[in-house]
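Subject: Structure handover

Hello,

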Amino acid sequence: AQSVTQLDSHVSVSEGTPVLLRCNYSSSYSPSLFWYVQHPNKGLQLLLKYTSAATLVKGINGFEAEFKKSETSFHLTKPSAHMSDAAEYFCVVTRRAGGFKTIFGAGTRLFVKA
Amino acid sequence: DAGVIQSPRHEVTEMGQEVTLRCKPISGHDYLFWYRQTMMRGLELLIYFNNNVPIDDSGMPEDRFSAKMPNASFSTLKIQPSEPRDSAVYFCASSHLDRGNSPLHFGNGTRLTVT
């Protein structure tokens, strides 16, 4: 069975400080992992995806995530938060074998203080 | 690439009325998904299509909900009759199956309010 757990429902950081959004997954085989961002009144936008080519994945807007199989984690980081990063972030695992299945985490709302 | 296009962006209707939400997927994508997002339940998959054929509609809440995909470039989600508890943001997403990790591409959603 597959599952995704986002460990924090809310994260608050100051502008210019690092961002860490945590995600743990459970999958019985090699997962496809993604991070999406949702700004208010918008659809979800892909930030980055894990392709198994490299464990450290770089995405848009300075975000990156590291796939750690031993820890079953795929945490999202950014060295320096910007006010425009305030949004909701979703960790997602996808399976295609036996039918398309996408599991969304519950989301982490990121607040950025000036 | 215009992305996934949904219409209308906002819909306000009275209880009991029929509501039709529309979606145009990205050209060439062979999967289409309908999701519902609420504060209480988060994102819920309602139904998805592969090559215009409904594959899994187990997320459709009731018989009041129906979805069609008459061709590769158009899909509708219909609620008849609508109820206040159907108020939510409805998202359409599309994807292309390949050997790699294909993400979902989301539209901007339709915010439905049923009074």
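This is a predicted model: local features need pLDDT of at least 70, side-chain atom pairs count only at pLDDT 80 or more; totals for chains, interfaces and linings use all residues.

Residues are numbered from 1 along each chain as its sequence is written, chains are lettered from A and ligands numbered from 1 in the order in which they are written, and side-chain values use heavy atoms, with hydrogens and water left out.

**Where the chains meet**

The size of an interface is often given as the accessible area lost when the parts come together. Here, chain A and chain B bury about 1600 Å² between them, and 53% of that is on carbon and sulfur atoms. Buried area is the accessible area (1.4 Å probe) that two parts lose on being put together, summed over both.

On the side of chain A that touches chain B, the elements giving two or more residues are β5 (32-38), β6 (44-50) and β11 (101-104) of chain A. Strands are DSSP runs (E, at least two residues), and helices are such runs too (H or I, at least four), numbered from the N terminus. The residues on this side of chain A divide into 8 nonpolar, 7 polar and 3 charged. For that division, Ala, Val, Leu, Ile, Met, Phe, Trp, Tyr, Cys and Pro count as nonpolar, Asp, Glu, Lys and Arg as charged, and the others, Gly among them, as polar.

In total, 18 residues from chain A and 20 residues from chain B take part in the contact, where contact means heavy atoms within 4.5 Å.

B:Q37, in strand β4 (residues 31-38) of chain B, has a side chain in polar contact with the side chain of A:Q38, at 3.0 Å. Leaving out residues up to four places away in sequence, B:Q37 touches A:Q38 and A:F90 as well as residues of chain B, including B:L43 and B:F91. B:Q37 counts as buried because its relative accessibility is 15%; buried means under 20% relative accessible area, exposed over 50%, and partly exposed in between (1.4 Å probe, protein chains only).

**Disulfides**

How many disulfides are there over all chains? The search of the whole structure finds 2, a disulfide being a pair of cysteine sulfur atoms within 2.5 Å.

In chain A, the sulfur atoms of A:C23 and A:C91 are 2.0 Å apart. This pair links distant parts of the chain, 68 residues apart, with A:C23 in strand β4 (residues 23-26) and A:C91 in strand β10 (residues 87-95). The link is left-handed, with -70° about the S-S bond, and both A:C23 and A:C91 are buried.

In chain B, B:C23 and B:C92 form a disulfide with sulfur atoms 1.9 Å apart. B:C23 lies in strand β3 (residues 19-24) and B:C92 in strand β9 (residues 88-95), so the pair ties together parts 69 residues apart in sequence. This link is left-handed, with -65° about the S-S bond. B:C23 is buried at 1% relative accessible area, and B:C92 is buried at 0%.

**Backbone details**

Cis peptide bonds join B:S7 to B:P8, with omega about -10°, and B:Q80 to B:P81, also with omega about -10°. B:P8 is in the loop between β1 (5-7) and β2 of chain B, and B:P81 is in the loop between β8 (74-79) and β9.

A:N41, in the loop between β5 and β6 of chain A, has a phi near 60°, a positive value in a residue other than glycine. B:N52 also has a positive phi, near 75°. B:N52 sits in the loop between β5 (42-50) and β6 (53-56) of chain B and counts as partly exposed because its relative accessibility is 28%.

Regards

Note on methods. A polar contact is a pair of N or O atoms within 3.5 Å; within protein, one must be able to donate a hydrogen and the other to accept it, and residues adjacent in sequence count only if both atoms are side-chain atoms.
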